[in-house]
Amino acid sequence: MAILEIKNLHAEVDNKEILKGVNLTIKGGETHAIMGPNGTGKSTLASVVMGHPKFTVTKGEILLDGQDVLEMTVDERSRAGLFLGMQHPAEVPGVTNSDFIKTAMNARMEKGKNVSLFKFIRELDKAVEGLKMNEDLPHRYLNEGFSGGEKKRNEILQMKLLKPSIAILDEIDSGLDVDALKIVGENVTAMKSDSLGLLLITHYQRLLDYIKADVVHVMMKGKIVKSGDISLIERIDQEGYDWIKEELGIDDERVVIPEEEKRAVLGTCATKEALKL
Amino acid sequence: MSEKTKQDIGNIIGDYKYGFKTDSKSILDTGKGLTEEVVRYISKVKNEPQWMLDFRLKSYEIFKSKPNPTWGPDLSEIDFDQITYFIRSSEKSESDWDEVPEEIKDTFDKLGIPEAEQKFLAGVSTQFESEVVYHSTIKELEDQGVIFTDTDTALREYPELFKEYFSKVVPPRDNKYAALNSAVWSGGSFIYVPKGVKVEKPLQSYFRINSEQMGQFERTLIIVDEGASVNYVEGCTAPIYTKHSLHAAIVEIFVKKGGHCRYSTVQNWANNIINLVTKRTLVEEDGHMEWIDGNIGSKINMKYPACILKGDRAKGTTISIAFAGEGMNQDTGAKMIHIGKDTTSKIISKSISARGGRVNYRGMIRHDKKAIGAKSNVECDTIILDDISVSDTLPYNIVKNNSAQVQHEATVSKVSEEQLFYLMSRGLTEEQATEMIIMGFIEPFAKELPMEYAVELNQLIKLEMEGSIG
């Protein structure tokens, strides 16, 4: 049974501290949810656990089954059993979805061994069907031209095939309509088992209607400020976050004021970007 | 990105697997340097008609009078006195592979040419140094009246057809290296596809430079008659020497009314080759010319395949990739000249520079006064893999009528951190992830190549990166 331990985690970006001492333990078989308003560090936590190079960990530790995660490269973390379903999955033109997933599955095999093509196609087809995705999806370029909902489903598709022991789903509900949310929820719920620890990051309780959480945490100012059982969700749903802020004497819960990120990614037009069109 | 990855990517060009040389004795060569005597000699040993000798001599005068072009890479290092302009390695062009001299056969065997022929080609021509040493066409094509031979033979056997088209779209005056080629040309492919004949399988030529400081000046002439179509594939390699060799070819193509020609090159010259090639097509009404142009090797490469879209609704397409590694300068692009009404053109250029290489896109789009309703679309994407590599995009757009539509889109980027993170978060190593992003980047090009060439191209890239995985 996997266990992910996050201890007194501090992390910064551009010399600004975003995570200010996060403590959290997730075991196989458990489902945790982190809620909280925008800009409180929820997504940063997810990115830091996975090892996004943008962030620097300044203090604390992350252990997966006792192994030091912070010493691992991003791919090593993945192969050790971590999975991050991203809020904004990158688009990779020219690389087909199926090629990518197959390569990712092979990366988990013993050196020199590959997943059998037949097995791969069967599993992929089954997963595509289960998520009610378009049949042409495996042949399309990775996330390129995918709608918001397709991208999110594609994250769950990868999770299904890669079978992680700890999965973090970062705002997997954003951009999904009710029907899609239901499908994603059912698929994630179907994956629940003693060998999977889940961490759901969300603004809204509606995701938690479909995926039942055992523990609910509220994040503010780069820390987990409150934890409880499912009744916490109901209260937040009815009263919002103000009562927590009041209770804890927090004025502004945010650590980051979200700003538009600007980067040149393949497929965008550099000229337009330069001209700020 | 790690240093190692950067280096590995740089090695795509650095580690050159065709760098072996063959110990082949020439039957005759002209020695180093270029004089009027050398020009006369080449014409004489080829038993050429008087008009060709006159043409060569006139071209030689033009070559001498023209300075090196100064608008692109520095060509001043070319020492014309140190180059051997003509080497004959075999008595004649053979049509039976067994008859090809052993050393040369060995070279092409290593390059996998005979194997490729058996698999998927309708015809093969292989050139070693200055002349074609092996040639074969399937009988079916010959029965349909398709001519696929080397250019020297064509001059002898089809003098009228030859004279009608030769040098008509790239005259010697065009540029210094067109003049040089016109003076000393030897070998190359000649293709004629009669009216309405569609050649399904590709025809292929393979060009090999074997000697140091050799000049290869082949001349290719392709005529696609009305409603006909052909798919021609060309590959090039050379051994690695410390001193450079020069490759200055001319390719002239005529696509008649409703005809279609696709010309695919995967040029994988060694890093000591200076490659200066003039490629141009004249496209008539409703014709379509496609240049699929891969530039992986060479020290300096200047190549801008052109389409003159003369007929109404003629269409031109260029899809190209260029890799530049250490000490390499890839100055490539495309030209589209719109003359006819409703002509359309499309250019997709993909460039990658690494380890201090320079890769430039240099292109021209011209819409003449009469080209009413013409449209052009240009897309240039570049990936620069480190801080010491360079890339520039130099588009020239000339529009002389107000109905023209010209679109130009250019992107320059590094391998995106978000893409790397995403792929690595699924368990791919940095090397695998980078490789996958690069392969995806060149996919629009690779998918246009015949299967064997696409596999070769992918291998070329993957092999070099494999050493770093695991």
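## The end of α5(A)

Just after α5(A), A:K163 takes a positive phi of about 45°. The model is predicted: local features need pLDDT of at least 70, side-chain atom pairs count only at pLDDT 80 or more, and totals for chains, interfaces and linings use all residues. Residues are numbered from 1 along each chain as its sequence is written, while chains are lettered from A and ligands numbered from 1 in the order in which they are written.

## Helix α5(A)

α5(A) has 15 residues and reaches 21 Å from first C-alpha to last. That is close to the 21 Å expected at 1.5 Å a residue (1.5 Å times one less than the number of residues). Helices are DSSP runs of H or I, at least four residues, and strands are runs of E, at least two, numbered from the N terminus.

Its buried residues (20 or more other C-beta atoms within 10 Å of their own, C-beta atoms being placed from the backbone) include A:K152, A:R153, A:E155 and A:I156. Among the elements covering them are β6 (82-85), α4 (117-130) and α6 (178-191) of chain A.

## Packing against α3(A)

Helix α3 (residues 97-106) and helix α5 (residues 148-162) of chain A pack at about 35°, axes 10 Å apart. Axes are lines fitted to C-alpha atoms over the stretch in contact, and angles run from 0 to 180 degrees between N-to-C directions. A:N97, A:I101, A:A104 and A:M105 of α3(A) meet A:N154, A:Q158, A:L161 and A:L162 of α5(A) (contact: backbone-placed C-beta atoms within 7 Å).

## Chain B

Chain B holds 12 helices and 24 strands. Of its 470 residues, 59% are buried. Residues 24 or more positions apart account for 83% of its contacts with a separation of 6 or more.

Key: Buried ≥ 20, exposed ≤ 12 C-beta atoms within 10 Å, placed from the backbone. Contact = placed C-beta atoms within 7 Å.
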